[in-house]
2 protein chains.
Amino acid sequence: MKSLNVGIIGFGTVGTGVWEVLKNFDNIHVKKIAVKNLNKKREIENFDTSLLTDNPFEITENSEIDVVIEVAGGTQPAFDILKSAINHGKHIVTANKELLAKRGSELFSLAKEKNVIILYEAAVAGGIPIIMPIKTILCANKITKIAAILNGTTNYILTKMDEKELSYETALKQAQELGYAETDPTGDVEGFDAAYKIAILSTISFNKKIDINKIYREGITKITSNDIKSARELGYRIKLIAMGQVLDNGKIDVRVHPMLVAKKHLLAKVKNATNSIMLTGNPVGDLVLTGAGAGAKPTASSVVGDLLVLASELETTNSPLPQAVCNHSETAEQILIGDTYNDYYISLTASNNPGAIGMIGTVFGENNINISTIMQKGINHDNTAEIVVITETAKEADVQNALKELLNSPRIKNINNLLRVMN
Amino acid sequence: MKSLNVGIIGFGTVGTGVWEVLKNFDNIHVKKIAVKNLNKKREIENFDTSLLTDNPFEITENSEIDVVIEVAGGTQPAFDILKSAINHGKHIVTANKELLAKRGSELFSLAKEKNVIILYEAAVAGGIPIIMPIKTILCANKITKIAAILNGTTNYILTKMDEKELSYETALKQAQELGYAETDPTGDVEGFDAAYKIAILSTISFNKKIDINKIYREGITKITSNDIKSARELGYRIKLIAMGQVLDNGKIDVRVHPMLVAKKHLLAKVKNATNSIMLTGNPVGDLVLTGAGAGAKPTASSVVGDLLVLASELETTNSPLPQAVCNHSETAEQILIGDTYNDYYISLTASNNPGAIGMIGTVFGENNINISTIMQKGINHDNTAEIVVITETAKEADVQNALKELLNSPRIKNINNLLRVMN
């Protein structure tokens, strides 16, 4: 394996983990590590602080360095740093999902021009091998669908809401105390993190560029204990699902939202902070890959894995192509959420009145929606009742219309939630 | 991607599947297909029968052919054919687990000498990407354990015995009728197939040569409906587990046998003919990869995947090394089953006598075995009773001793079964 000099951008939890793992490989030499704050106390044994710099361009412009490892995150200054690195002929290994989802195509074009490669196994699902397998050993497949749990924080919260019957707020607080969720949890709980990851996965799976701004995104903040309980009674668990699929007309449907997942489905069995990816392809059929989606060690597995593959490739060629078996120059035609077809779970509050269920059925029927289950969940003090409806497959726009009509009726007090269902 | 001429050895279900998938790739040209019987009727559309030969050496010695795809199976004549192919400078893509497990190291040595590579993703777990990921993107890991369901036939039989409460014989017959099991099912039900696969997986995971003859192997033919039922009551499902692990002393423990798997374990949730591999490594932690382990299409996914990776590699170098990141020249020191430590499920028939359970407890205690559960399962007509014991972790040799002692007692009529337990 070729000997490589590397520079690391970012030395937080992941950067430190990468550094620890790299110590096992004699052929990899860490020359410099860029940090924000040189004076921050770091509890690492046998660490030579002269490796540190607070100027990342000392790394990107350093002629001794072959590969830049970026584990800092965020779009800026990461974009400018990687652009500089590529312009100086460095190969890139990055874990930065946000940067790749938002500005990846600019970086990939530049890398192609400069004859360097960008590897990013760690950007999606931490330690689970998915990017390189899709680009190499699964390359005979036409991948038509990905359905995945790509955010450990939200899966942890939803698991605790289910198993310990906690409220969303209490489960979030526990996740924060355990370090699974950040002080500002928006990036996780509103689905941004999962959206970046499914954008990357869909791009390489469908060989088309995905516009992150066209991904429908809905987080888990509106999921209530009642939803979790009703789902359980109906044989489902609620999961934040990141999904991408190619429709029969060639259009692409990419989205992130909570779903009721049938208990027998393998994705329903994925608990706590674990990630899991279900991929459907022809000829391979269905694959499910499950493992740790975050954390210093699993992420380091993927970062160092990319680096070692690169070192192996550079042993025999100056033009490594380990990830270039597939390519994606075409732009996907992404559809709007209103044009998608789903099964639905709808929770609404109605006046406790014998006609309410009949009226709901009528409005749904007029909007081409077949109901498969309808349950009244007990009567409130104000003589209203929660009603839960499960529909057969219907068009989202029709469902939204039906809900609007229902809200116009004095019998319907509130639409509590609308969730999609995976059977 | 480089244009490649290929020859295919074997044109049964898998060979035909590979041929169908290859039609999608303009850069791959099938020049010849070797079959046993030229006159066999083949129901394939648009097939030019002049491609067929009954002499495989017409392929291996053909100077136009770059890669030989072997999907015939068995050790002979496959070994001689691949040896000839390698000697003539052909790269190899094979799905032949038996050949690789028994004579792989001879072929790999010859391939190294001739500067060609052997790819074999399809030899283990059909369409599940596992060989190439271990050799590339997971290469930063020290893999310490593999526990897997690698044989679809036995998993199908065990699933039906559990869900439909069928006897082993009835479930086997159904599997045969559905084409999941062969007329002579020995290779599957006695664990040979799983043993070949775990030998290959352990070799690349632990970077040491595994001797197939030193793998402890036990099939599923002795599993009874009573075992399945008792396991279910205790919170387990019975699965044929192929296992490999590195012990603290560096010795290697590789074996195939049925196990009681705790229902909450992901491997317990794998049903019917599906395969699943749980891999434990540092730094990645636990990964579980699940998918179709056999069948024409999933196998073709891996065969053609290997071929496309090779075509991509050969575009930039004449010395492709996609699978050479790790290597394994050292021979593993494999331990005997008697030296392994396990939790146990033991079913025995005892005379229905108040002292029987006490005596079992005493004999186990004298052999350093702690019992965690002991259950009497009802009384037979002859005034005997089935007793099921679950032990804590104990040494296999101690357990075998205890069972011998018990059999010497007139109170113990029979040891019905001994199975190991995975929690």
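**Exercise 1.** Classify Glu233(A) by its relative accessibility of 48%, and describe the salt bridge that it forms with Lys377(A).

*Solution.* The structure is a predicted model. Buried means under 20% relative accessible area and exposed means over 50%; at 48%, Glu233(A) therefore counts as partly exposed. In the salt bridge between Lys377(A) and Glu233(A), the closest N and O atoms are 2.4 Å apart. Lys377(A) belongs to strand S14 (residues 371-379) of chain A and Glu233(A) to helix H10 (residues 225-233) of chain A, so the pair ties together parts that are 144 residues apart in sequence.

**Exercise 2.** Locate the two partners of the salt bridge between Glu165(B) and Arg232(B), and classify each by accessibility.

*Solution.* The side chains meet with an N to O distance of 3.2 Å. Glu165(B) sits in the loop between H6 and helix H7 (168-177) of chain B, while Arg232(B) sits in helix H10 (residues 225-233) of chain B; the pair links distant parts of the chain, 67 residues apart. Glu165(B), at 56% relative accessibility, counts as exposed. Arg232(B), at 25%, is partly exposed.

**Exercise 3.** Determine whether the length of helix H13 (residues 396-408) of chain B agrees with its number of residues, and describe how its buried residues are arranged.

*Solution.* At 1.5 Å a residue, the 13 residues of H13(B) should span 18 Å; the end C-alpha atoms are 19 Å apart, which agrees. The buried residues of H13(B) are Glu396(B), Asp398(B), Val399(B), Ala402(B), Leu403(B) and Leu406(B). These residues cover an arc of only 160° around the axis, which puts them on the same side of H13(B). In general, an α-helix has 3.6 residues a turn, so residues three or four places apart point the same way. The buried residues pack against strand S13 (341-351), helix H12 (355-366), strand S16 (394-395) and strand S17 (412-422) of chain B. On the face turned away from the buried side, H13(B) carries the exposed residues Lys404(B) and Asn408(B).

**Exercise 4.** Characterise the interface between chain B and chain A by its contacts, buried area and contributing elements.

*Solution.* On the two sides, 44 residues of chain B are in contact with 44 residues of chain A. The buried area is about 3500 Å², and carbon and sulfur atoms give 68% of that area. Between the chains there are zero salt bridges, but six residue pairs are in polar contact. Helix H5 (131-135), strand S12 (285-292) and helix H11 (296-316) of chain B are the elements that give two or more residues to the side touching chain A. The largest share of that side, 13 residues, comes from H11(B).

Notes:
Residues are numbered from 1 along each chain as its sequence is written. Chains are lettered from A and ligands numbered from 1 in the order in which they are written. This is a predicted model: local features need pLDDT of at least 70, side-chain atom pairs count only at pLDDT 80 or more; totals for chains, interfaces and linings use all residues. Side-chain values use heavy atoms; hydrogens and water are left out. Helices (H or I, at least four residues) and strands (E, at least two) are DSSP runs, numbered from the N terminus. The expected span of a helix is 1.5 Å times one less than its number of residues. Buried means under 20% relative accessible area, exposed over 50%, partly exposed in between (1.4 Å probe, protein chains only). The arc is that of the directions from the helix axis to the C-beta atoms. Contact means heavy atoms within 4.5 Å. Buried area is the accessible area (1.4 Å probe) that two parts lose on being put together, summed over both. A salt bridge is a side-chain nitrogen of Lys or Arg within 4 Å of a carboxyl oxygen of Asp or Glu. A polar contact is a pair of N or O atoms within 3.5 Å; within protein, one must be able to donate a hydrogen and the other to accept it, and residues adjacent in sequence count only if both atoms are side-chain atoms.
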